[in-house]
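Hi,

Here is the structure I promised to pass on. Have a look at it first, and my notes follow below.

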Amino acid sequence: MNFRGRAIVEAAMGLAALGISAALLAPPSRPRGAPPEQRPAKTAERAPKLVASYTLNAELDAGKHNVKGSGTIAWQNTSRSPVRSLFFHLYLNAFKNERSVFLRSPFGASRDDSRGRDFGYIDVASLTVRELGNADIWPNRQRHSPGDVDDETDIEVPLPRAVEPGESLTLDLRFESQLPELMERTGYSGSFHFVAQWFPKLARLEDNGEFSHFSFHPQAEFYADFGRYDVTLDVPQGFTVGATGALVSQSTAGGRKRVRYVAEPVHDFAWTAWDGFQEKRFSAGGLDVRMLFPAGQEKAATLSEDTLRFALPYFERRFGSYPYPTLTVMHPPPGAEASGGMEYPTLITTGGDWYTPYLGMHDVQTVVVHEFGHQWFYGILASNEARWPFLDEGLNSYAEQAALGAQLPRQSLFGALGITLSGDSLFRVFAAARAQDEPVGSAASEFSSFRNLGALVYSRTATLLATLERVYGKARFQRALGAYAARFRFAHPTPTDLLDVIGDELGSDARTFLDTALFHRGRVDYVARDLQNTRASDPAGYFERASGREHITRQQAQPTREFVGRATVYRHGSLELPVDVLLVARDGTRKLERWDGHGAFRVFEYRGATELARVVVDPDHKLLIDDDLFNNELCTSSRVLWRVHERLGYFAALALAGVSP
Amino acid sequence: MNRAFSRTLGAVWLCRSVLGWLLALPFVAAVADSGVGGLFDGDRVLFEPGGLFLAELGRVSGPLLNGAAATMWPYVLAAFALRTLPQGALFQQTFAPSSGPRKAFGAASARVVPLVTIAAVELLAKVALVGIVVFVEQAAHAEPARRFGLLPAAALLGAGLFATTALADVRRGLLFVDPELEGAALGPALSHVRTNVLPLLGGYALRVGLGMLAVAVAARLVEWIDVGRPGGWRVLAAFALHQLVLGLVTALDAFWIRRVVSPLQPPASFL
């Protein structure tokens, strides 16, 4: 072979070796995890009362990024008291100017901190009430949110007369929504439109006759009554639409497309329209799933499908059936990532890049499971996300990691080159940094920053629940959460409802633990201290015997062959949880003790043939909530860190080879 | 391979391995200070599935590790400079097969300033190359380019890395052939690479490919060995595998150097 031929062969061999290396190093792009379970059989259930139902028509002007809307709201006073005013959320006015509650902070306080160039707003042209003589009640409205002249997202509309309990109103409305450049999941990016919080929405009416109304705060999300949404969307013909609910009809005429979606019982309606979507449909155990994604994200769509096929029966078996016939999943196009990672009834938006599995990460799976899990906590239970964000985001974060851990046991968040990191581990450290700053159970607007909200509402809550799961056992804890989900299905639960179920299912100690941790900045740090040993001996002193008094001096007392060891475990902080303590003697004998966690400390004694060499608090790492893991163990020897030194030395040598000759 | 060459090869491998271990020392100390050293299972817990203690280490020792990293730069620079000596020793050994490690390292030490200069210029050129490739890849998000994925960027990067490495190593070789050449040697280096591009390309591809394959195979084997489970033998096995990789990489370097310098003078006796 001449030198040219040899060079070509060498180059080919080199490239082949590189290809094999890449295949060996890269984690599988489609991780083979546990197979999906079967969907459980649906049980008959009582449908919730439909309090606020919307029949709307919306016409999208894709050039002006504007939606002209009209329609009807059917609303019933389901409270115990007469209602004299209605409260409407005009969420889009949050993007009207930089004096709104949402935009007034110069530091940015929202989830994505995106600030588009173009602002947006919603104008209501008229709001008439058929039962009140078709009076237009909109001109009588308050012009701004209560107590805030610069904000227009929370508007009170007085009624000409009180609406009695049980009485219904039919409201006809006309409005125009100017979409901002994509901000907080709403708006446009080029021809891509994500239309959320786009119509005048009635605040939820509580049983006591008061509306749960609030300005749109950058850290808060949403809350509304259940109803039926029947929405007809009119968009340019070349656009693909995804929306809440099932498609019931579509037609085209004059260069426009009209699609009609119906959903019930739901409490919101969002939709998306773009002329660049690719589409994939599949059926998962009878659920029609429709995936919309940009070109180049086909692999992400496949990963999302795998994840949903696992997640659907997983969530149903634990939190109740998914009551809708459809699910739409939207992966945003490049430049519109601000619309990703969000949940609406039967519509979720995701994200993550197709290549992240090759880096050992599971971004796509994590965001899909998280947003799909919201269908239960946000969608079906429908707690007040603004007042108690942890009831949705916290429970959902726990459920997300439980699901990912079941599907990908060793690698729920990251796994490559022999290192794995579970979501439980990461949530724990994210939370630990800010655990004492503020109560987890605060309202969303009360948190000092979104960073703190994230650490406490998402990570701290998930860590608390994961701790309860480990302490009380997975089956028992998941049964408890399942009981909560079943009891308050479509019922807008409060924290007291959750605590009561936890108390009923796991006991009063668990209830107290959760209450303290959520509302009183409860914390705990178990600390192992003061490991001591001495040789046991027969007792010395004066003893009354049958034959008379016997005096045994210290010199006379015989030492036994036994050793007595003791160690003290302290509990710092206000949280009390039962904890295991492992005592290990020098000869390897092990003794497992249990402390109920009551009291400030507990002394553990050991008697054996050799000295007590080691005491380990929580050897099975059940107490994820423990502030400091490194003080949980005392041992009489220390270790040379061969693994770390060997691994770091090798990587340092390789890194030097990369940058230095 | 003659005995002198094998001894020099062994010395080069040892030098590189020790440099890696020395650089790792401050980080190991930071990890030990965190409390890991006081655990009965020691650093084994850091490799357990789920990474509970690994994440905790990051939380507890983050500031310490950041501090260690921030103060490391003089040592990294020193290691960067020192590493040119083993490379230079390989060049000397290739040109003068009977040298042996002492003479080889001695000859390299005598040329340390130009060797470090060449290494620094080579590194800057590679950093600039990566920046250019990233910029071009970001700019080329147009539909036709997207169809080929990352292939164009990878090809551009590969070609660029080959060119800079070959040029730098030929220049190093010329340093040992004729030390008087110094700065005027870029022209001859370019000419040499142009004339011998095919054998150099083949040799480079083989060196990089086999080196990466060694790293990848070792990574998979070490993952299977699983140092997160008890057993000192696991640590020894991982250490042995890693040192084998470093040895193989050194041998591949020697092969590449021979390929680079062989047209500069009659081929040295490798065996």
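Strand 2 (residues 66-76) and strand 7 (residues 168-178) of chain A pair in the antiparallel sense over 11 bridges; strands are DSSP runs of E, at least two residues long, helices are runs of H or I of at least four, both numbered from the N terminus, and two strands pair if DSSP finds at least two bridges between them. Within this pairing, Thr72(A) has Asp172(A) in strand 7 of chain A as its bridge partner.

Before going on: this is a predicted model, in which local features need pLDDT of at least 70 and side-chain atom pairs count only at pLDDT 80 or more, while totals for chains, interfaces and linings use all residues. Residues are numbered from 1 along each chain as its sequence is written, chains are lettered from A and ligands numbered from 1 in the order in which they are written, and side-chain values use heavy atoms, leaving out hydrogens and water.

Chain A has an open, mixed sheet of eight strands in the order 5-4-7-2-1-13-16-15. Strand 5 (135-136) and strand 15 (246-253) of chain A each have a single partner strand, so one side of each lacks a neighbour in the sheet.

Now to the interface: 58 residues of chain A are in contact (heavy atoms within 4.5 Å) with 74 residues of chain B. The rule finds four salt bridges between chain A and chain B, each a side-chain nitrogen of Lys or Arg within 4 Å of a carboxyl oxygen of Asp or Glu. Arg428(A) and Glu56(B) form a salt bridge at 2.7 Å, N to O.

Best wishes
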